[in-house]
Amino acid sequence: MTDPTRGVLYPERLPRFTRLAPTGAASDLVAWFWIPQWDLPAGVASPQPVLGYPAANLVVEPDGVTLWGASTRASERELRGSGWAVGAVLRPAAFARLHPAPSELVDSHLRLDEPALQLAVAAAIPDPEAAAGAAAEWLGDRVGAPSAEGRLANAMAELLMTDPGVLRLDDAAERLRVSVRTLQRLGHRTVGVSPAAMIRRRRLQEAAQRIRQDPDATLAGIAADLGYSDQAHLAHDFRAVLGLTASDYRAEVGG
């Protein structure tokens, strides 16, 4: 499982937040579970900007269940009062079974009529492990074991989102022993976005994490380490997806 704060743009603002790795058969269906719980004083708001992973999320909250598609830009939720959510970052094999056209849910969401799932997870809160277990059990019953294509899609997503040595789609195709065209079709059919977009998102997440955690690293050095052609390329991606420059982000997080 990746670093617990990767993708979270301002980790210091997080409420009680748990990331849990799936176990058993759920490992083929879920990359990890994320569970925030909060209880804020009256009148206090906590904005939570996130640079999400290029993956679908199944999210259970007190008011229901939502299937969120992959995102192409940063998003923000403002927390108030008290509440909780239990989210599952879905592996492609699971997402493709829950929605027939993943590309139609990019930057969008779908409310699911699953009261049994909502009740089971709500009954398990505030225990993160029990809540994740309830969601995992539902997914196992609903989705079942991955197909051969689903397993290949899982391997593709794992490689593109965790291996910093994969900078081009050709690299991934060679590693997985399939054609570039096969990966392109697989990405759109099971994730909703292209494999190249997945690589770009991983690099941008890594750049944001480096900016936060390594105050001595130059932006030019970070860009070179992550395979950007130059610092201007990194700056363009930052502004296009996050809405601010890498320099502004560094000033905000004190990196």
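Biologist: Are α7 and α10 parallel, perpendicular or oblique to each other, and why?
Modeller: α7 (residues 195-213) and α10 (residues 246-253) pack at an angle of about 40°, and are therefore oblique to each other. Angles under 35 degrees count as roughly parallel, over 145 as roughly antiparallel, 65 to 115 as roughly perpendicular and the rest as oblique. Angles run from 0 to 180 degrees between N-to-C directions, and axes are lines fitted to C-alpha atoms, for helices over the stretch in contact. This is a predicted model: local features need pLDDT of at least 70, side-chain atom pairs count only at pLDDT 80 or more, and totals for chains, interfaces and linings use all residues. Residues are numbered from 1 along each chain as its sequence is written, and side-chain values use heavy atoms, leaving out hydrogens and water.
Biologist: How far apart are the axes of α7 and α10?
Modeller: They are 9 Å apart. Helices here are DSSP runs of H or I, at least four residues; strands are E, at least two, and both are numbered from the N terminus.
Biologist: Which residues meet there?
Modeller: Ala208, Ile211 and Arg212 in α7 are in contact (heavy atoms within 4.5 Å) with Ala246, Tyr249, Arg250 and Val253 in α10. Five are nonpolar, none polar and two charged.
Biologist: New topic. What does Val121 touch?
Modeller: Beyond neighbours within four places in sequence, Val121 is in contact with Val60, Trp84, Val86, Ala131, Ala134 and Ala135.

Definitions and conventions:
Ala, Val, Leu, Ile, Met, Phe, Trp, Tyr, Cys and Pro count as nonpolar, Asp, Glu, Lys and Arg as charged, and the others, Gly among them, as polar.
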